[in-house]
Amino acid sequence: MIYRFSLLGILLMAVFVSCNPSSSPAPAPVLPIPNEHQLAWQDLEFYGFVHFNMNTFTNMEWGTGAEDPAMFNPTAFDANQWAQVCKDAGMKGIIITAKHHDGFCLWPTSTTEHSIKNSPYKNGEGDIIREIAEACKAHGLKFGVYLSPWDRNHAAYGTPEYVEVFRIQLRELLTQYGEVFEVWFDGANGGTGYYGGANEDRKVDKRNYYDWPNTYALVRELQPQAVIFGDAGPDVRWVGNEHGFAYETTWSNLMRDSVYGGMPEYSEKYSAGQENGTHWVPAEADVSIRPGWYYHEYEDHKVRSLPELLDIYYNSIGRNASLLLNFPVDKRGLIHENDVAQLKKLTDKVAEDFATNLALTHASVTSDIHRGPGFEAANVLDEKQDTYWATPDDVLSGSITLSFKEPTTFNRFLVQEHIALGQRVKAFTLEAETSTGWELITEGTTIGFKRILRLDETTAKAIRFTVTDAKASPTIANLALYYAPKLVLAPTVKRTNDGLVTLSVPEAGVDIFYTLDGSIPGATSQKYDTPFLVDGALDLKAVAMDPVSGRQSDVTSVALDIPKKDWMVLSAGKAPENLIDENIATNYLAENGEAVVDLGTVYPLAGFTYMPMQNRYMSGVVSGYEFLVSMDGKAWSKAAEGEFGNIANSPLLQRVTFNPVEARFIRLKAIKTLDGNPASFAELGVITER
Ligand code: FUL
């Protein structure tokens, strides 16, 4: 026993001596560098944003501040559901909109009556912030707050008095709910609002009005570990867009003193960071899982698709930014099931993509240069952030070569810098030794905390990673390779108005099979290679299949009808061609509230389809209609009339069938539109008798 123990001790000592980096001096930091709180924040990578308060109940994105607190009334609020959903997705925290621009406070603040205490929720006894903070704690998640500086409800907004109110609100949030990991200050500041009944436009000097240095000091005093987010940081900066994409070149360094919150030229000039930036202010990519930040039932079908979510993931976390993914919690007070389902697809795919680090199956790892003991190339394979490969001080480039035991196939490359000493790399390449020799497979610019590249599938005996330029001796903490199995998603069907059908899937190398007789497609069905003509009405079904894994997608099923090539729009208005272009992203705005079409030939009609406008902000969506048919375009008879029930909340394709009738001319008349605006049509179609 004693003998074994001492042998272990000797072994441990040997390991310690051989890994001890002090045997060769570490590179000097390259300023700016992150502080300890920023370093800890960097590890979080992925956390949830929730927009939930007054706007949820008024169906707005920006409330005016005149809303009645009585409207805030979730029916099944459950902070634990949010926490569980975020936890299951591998997120590390939740940031909640404690107060948005409309000024409604989700906690019983002492500063205003415009809060939850005057709402029906728990008869005014509730405290949503407390429930969320507790749910986060129970699920091991970090808790963060969004407190809008702009307050369209408060009578004193625009005066120094309001700044004091804002600080009291901040103090309440930072003292009553435990530890806060991030405080989020929005850049949207000043404009029209209710302002205690004044109903006016109040502009503020965005740079100076809030006296930010003293507000930041308050956060430091009350929650020293919290990072502060704002356009200009001070600790974490906005990525400059709301679609969740950082840039190919993303520096964590920022010319912080040149920036202020809400600065108009921020996105274009500063949001990618600067190589010579003066302060460490890394980027955070905020994006909503739906088009809106707040819940709107009419966006239930617009939750981002898996390919979109993957693009967001790779373009944020994979580009030296963290990802703050928003859930517009619904009127019940829950993350909607459609959002949960899409999030799960993302989580599962990310887990699959990064399941096995193939770099660990290497036979050898060497570098052409390193700065001495403790800084060898092998450090990039220990999956640790604080051990790294580094070159001597005056050497700004160098290569690491990794040879595999067997030829290895990969399509993802991940690399990380040891950012504690500053972001250094300006350019790098990746080469692979394939059966035909060495070839360049990709190149990039910045790395930072993490860079992930999606590559074409490559099979290699060895790879060579080279830093070709850096601000100072490069410090590479990790290097990894993965094979992400192909995305196998149900094919998308597009058809021109000539009848030419195109089938597509997001990933190359995935096969598509289809049928035109209503049967379920499989590997023995017709294989798709080029667009084909369908000039009649039939049911198209298609499926995608990965030839390597045999994995199969869901089946796409589309009822195609007669092509629109001989159709002519007879009614007046803006862009009539958009009515029958088989493109739902373009709209026809009718002049007389009707769409009239000559089909060119007489058909046995058994119904029609109406696709409402798909724009984020809809206008002129038809809710009440009459549908008329004619043989000669002069004498019309009514084939159907009615309402598109629930089209406001569910603006999807509407299909109306009626007793079959022969006709050559059709007329869809808007009897009512949702907002009273002139009728709009994304697409009009017919259902012919079969
Ligand atoms: C923006 C706000 O104006 C939006 O309403 C939302 O809160 C988003 C995260 O930030 O600037």
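Are Lys-564 and Glu-683 buried or exposed? Lys-564 is buried, and Glu-683 is buried as well. Buried here means under 20% relative accessible area, exposed means over 50%, and partly exposed lies in between (1.4 Å probe, protein chains only).

This is a predicted model: local features need pLDDT of at least 70, side-chain atom pairs count only at pLDDT 80 or more, and totals for chains, interfaces and linings use all residues. Residues are numbered from 1 along each chain as its sequence is written, and side-chain values use heavy atoms, with hydrogens and water left out.

**Salt bridges**

- The whole structure holds 37 salt bridges; each is a side-chain nitrogen of Lys or Arg within 4 Å of a carboxyl oxygen of Asp or Glu.
- Lys-564 and Glu-683 form one of them, at 2.8 Å from N to O.
- Lys-564 sits in the loop between β26 (556–560) and β27 (568–569), and Glu-683 in strand β35 (residues 683–688), 119 residues apart. Strands (E, at least two residues) and helices (H or I, at least four) are DSSP runs, numbered from the N terminus.
- Lys-426 pairs with Glu-275, with the closest N and O atoms 3.2 Å apart.
- Lys-426 lies in strand β16 (residues 425–434) and Glu-275 in the loop between α8 (266–269) and β10 (279–280), so this pair ties together parts 151 residues apart in sequence.
- Lys-426 is partly exposed at 25% relative accessible area. Glu-275 is partly exposed at 33%.
- Arg-454 bridges to Asp-311, with the closest N and O atoms 2.8 Å apart.
- That pair links strand β18 (residues 451–470) to helix α9 (residues 306–316), 143 residues apart.
- Arg-454 is partly exposed at 38% relative accessible area. Asp-311 is partly exposed at 29%.

**Domains**

- The chain is divided into domain 1 (43–353), domain 2 (358–482), domain 3 (492–560) and domain 4 (568–688). These bounds come from an automatic or database domain assignment.
- The centres of domain 2 and domain 3, taken over C-alpha atoms, are 41 Å apart.

**Ligand site**

- Residues around the ligand include Phe-49, Tyr-146, Trp-184, Asp-186, Glu-242 and Asp-286; each residue counted has a heavy atom within 4 Å of the ligand.
- A polar side-chain atom of Trp-62 lies 3.0 Å from a ligand oxygen.
- A side-chain N or O atom of His-100 is 2.9 Å from an oxygen atom of the ligand.
- His-101 likewise places a side-chain N or O atom 2.9 Å from a ligand oxygen.
- Taken alone, the ligand exposes 290 Å², and the protein buries 90% of that. Accessible areas come from the Shrake-Rupley method with a 1.4 Å probe; for residues, only the protein chains shown count as cover.

Technical notes. Polar contact = N/O pair within 3.5 Å; in protein donor to acceptor, adjacent residues only side chain to side chain.
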